[in-house]
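My entries follow in the order in which I made them.

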Amino acid sequence: MMQLGARSLVRRFSRVAAAAPAETATAVPPRMPAFDHVPLPYDGPSAADIARKRAEYLSPSLFHFYSKPLNIVEGKMQYLYDEHGRRYLDAFAGIATVCCGHCHPDVVDAITAQAKRLQHSTVLYLNHAIADFAEALASKLPGDLKVVFFTNSGTEANELAILMARLYTGSHDIISLRNSYHGNAAGTMGATAQKNWKFNVIQSGVHHAVNPDPYRGAFGSDAEKYVRDVREIIEFGTTGQVAGFISEAIQGVGGIVEVSPGYLPLAYEKVRKAGGLCIADEVQAGFARVGSHFWGFETHGVVPDIVTMAKGIGNGIPLGAVVTTPEIAQVLTRRCYFNTFGGNPLCTAGGLAVLMVLEKEKLQENAFVVGSYLKDRLRGLQEKHEIIGDVRGTGFMLGVELVTDRQLKTPAKDEICHAMEHMKDMGVLVGKGGFYGNVFRITPPLCFTREDADFFVEVMDIALSKL
């Protein structure tokens with residue numbers, strides 16, 4: 001996920017892989033932690049056959065990691081398996097999506113049981129699955145946030161949240177942060193503030209505030225200086241009244257950027273004085289991933305008016321949600337609002353199972369304890385490798401930014417591709433992102449262990465040493 005088109009991205013991976021230095025080290029690579037699972041025999045099409053079909057029948061906008069893309073055929077907890085039965089440690093979790101672990105038996109059993117009984121009906125009839133999950137989800141949110149609208153994705157959830165803010169306030173202007181990503185539909189593309197994710201279509205009524213980025217931002221961690229831009233947008237770019245403010249607590253696609261401490265309370269205050277609602281985009285940070293709290297916004301001591309979520313909500317099921325107050329929820333009664341698959345019994349049964357697994361297996365605590373340990377170890381790598389400019393994030397939402405010059409913060413765009421290839425060859429899969437595509441996105445399943453963290457760091461250490 002970088003500032004390149006799909007074909008350019010593939011060419012970059014292919015070029016840097018071809019240019020990688022020949023292997024000269026003779027040291028034995030670190031050993032992956034033992035795991036009691038034997039993958040099923042695979043007799044399906046090869047990676048080459050799938051790549052050919054994908055090129056012929058799927059969108060040319062799709063791209064892939066690695067010079068030779070992996071054919072992943074099975075998953076179990078924090079591990080993935082390719083067509084040859086080789087095991088990989090998954091430190092990306094399908095882009096911060098698999099929270100309980102791949103094919104967690106409790107989630108699989110819940111989905112299977114529901115599929116055998118009723119796969120789909122419609123919310124025009126009653127069914128306990130959607131009501132049970134809505135009740136359980138509302139119990140995880142503070143204050144009066146207890147009315148749930150189910151969607152199929154994070155983009156849909158953010159679209160609905162923006163619509164509701166505009167309807168409730170009677171205003172049109174939305175404020176979001178630069179470097180943010182909120183989706184790829186009309187409204188959410190407007191709120192997204194990176195050119196590599198925006199097409200040349202009408203995106204009206206959105207203002208992008210200066211990003212309170214402690215590493216690359218103009219004001220470091222000074223929240224008060226950053227929030228002046230929110231005030232000036234309201235004063236000079238709107239009527240003085242706004243519909244809302246949408247932000248992530250940690251920008252995921254943007255490169256695991258934590259907003260400056262103290263910024264969100266100040267920004268929420270400015271927006272609410274201008275009549276706007278505050279929307280927390282929890283698509284990536286939510287569902288215990290940050291470890292210290294269940295939601296990312298809680299780390300900043302704020303309570304939003306609307307919360308959006310997806311990804312971890314279903315452990316890989318196409319599921320999203322918007323949660324708001326009863327008063328704000330009333331705006332959708334002015335006309336007919338309907339979502340055919342939102343709240344589907346199959347998905348909501350799975351979603352409820354996810355919440356139960358998170359609680360039963362204490363995965364939030366694991367994300368905090370192991371995530372803190374992993375971050376400390378990554379900071380140790382930063383002391384060893386000059387190419388690591390920054391280590392940031394919390395829990396199991398961590399970022400490692402690579403730069404060729406620490407003073408200038410020059411993005412190491414080619415080097416990260418080299419490192420990812422080396423790590424894959426040693427059995428570790430990790431994501432990348434940021435505006436320049438130079439940040440490791442470390443977002444593993446929440447069942448990731450201390451032993452996995454040690455293995456991950458050892459592999460990254462070797463990979464960086466080869467650059």
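I began with the contact between helix 8 and helix 9, taking contact as heavy atoms within 4.5 Å. From helix 8, the residues A223, E224, Y226, V227, V230, R231 and I234 meet Y263, L266, A267, K270 and V271 of helix 9. By class I count nine nonpolar, no polar and three charged residues there. For the classes, Ala, Val, Leu, Ile, Met, Phe, Trp, Tyr, Cys and Pro are nonpolar, Asp, Glu, Lys and Arg are charged, and the others, Gly among them, are polar.

I noted the source of the values: this is a predicted model, where local features need pLDDT of at least 70, side-chain atom pairs count only at pLDDT 80 or more, and totals for chains, interfaces and linings use all residues. Residues are numbered from 1 along each chain as its sequence is written, and side-chain values use heavy atoms, with hydrogens and water left out.

Next I looked up the geometry. Helix 8 (residues 223-237) and helix 9 (residues 263-273) pack at about 20°, and their axes are 9 Å apart. Axes are lines fitted to C-alpha atoms, for helices over the stretch in contact, and angles run from 0 to 180 degrees between N-to-C directions. Helices (H or I, at least four residues) and strands (E, at least two) are DSSP runs, numbered from the N terminus.

I then asked what helix 9 lies across. Helix 9 lies across strand 5, strand 6, strand 7 and strand 10 (277-281), and runs at about 160° to strand 7.

I followed these strands into their sheet. Seven strands form an open sheet with mixed pairing, in the order 4-12-11-10-7-5-6; two strands pair if DSSP finds at least two bridges between them. Strand 4 (147-151) and strand 6 (206-209) are at the edges with a single partner strand each, so one side of each has no neighbour in the sheet. From one strand to the next the twist averages 20°. Strand 4 pairs with strand 12 (residues 320-324) in the antiparallel sense over five bridges, and V148 has V323 in strand 12 as its bridge partner.

I also looked for a second sheet. Four strands form an open sheet in the order 1-2-3-16, again with mixed pairing. Strand 3 (residues 87-90) pairs with strand 16 in the parallel sense over two bridges, and D90 has L429 in strand 16 as its bridge partner.

Helix 12 (residues 363-384) and helix 14 (residues 450-465) pack at about 20° with axes 10 Å apart, which makes helix 12 roughly parallel to helix 14. The residues of this contact of helix 12 with helix 14 divide into nine nonpolar, no polar and five charged. How do the axes of helix 13 and helix 14 cross? The axes of helix 13 (residues 413-425) and helix 14 come within 9 Å and cross at roughly 130°; helix 13 and helix 14 are therefore oblique to each other. In helix 13, A419, H422 and M423 meet F456, V459, M460, A463 and L464 of helix 14.

Definitions and conventions: Angles under 35 degrees count as roughly parallel, over 145 as roughly antiparallel, 65 to 115 as roughly perpendicular and the rest as oblique.
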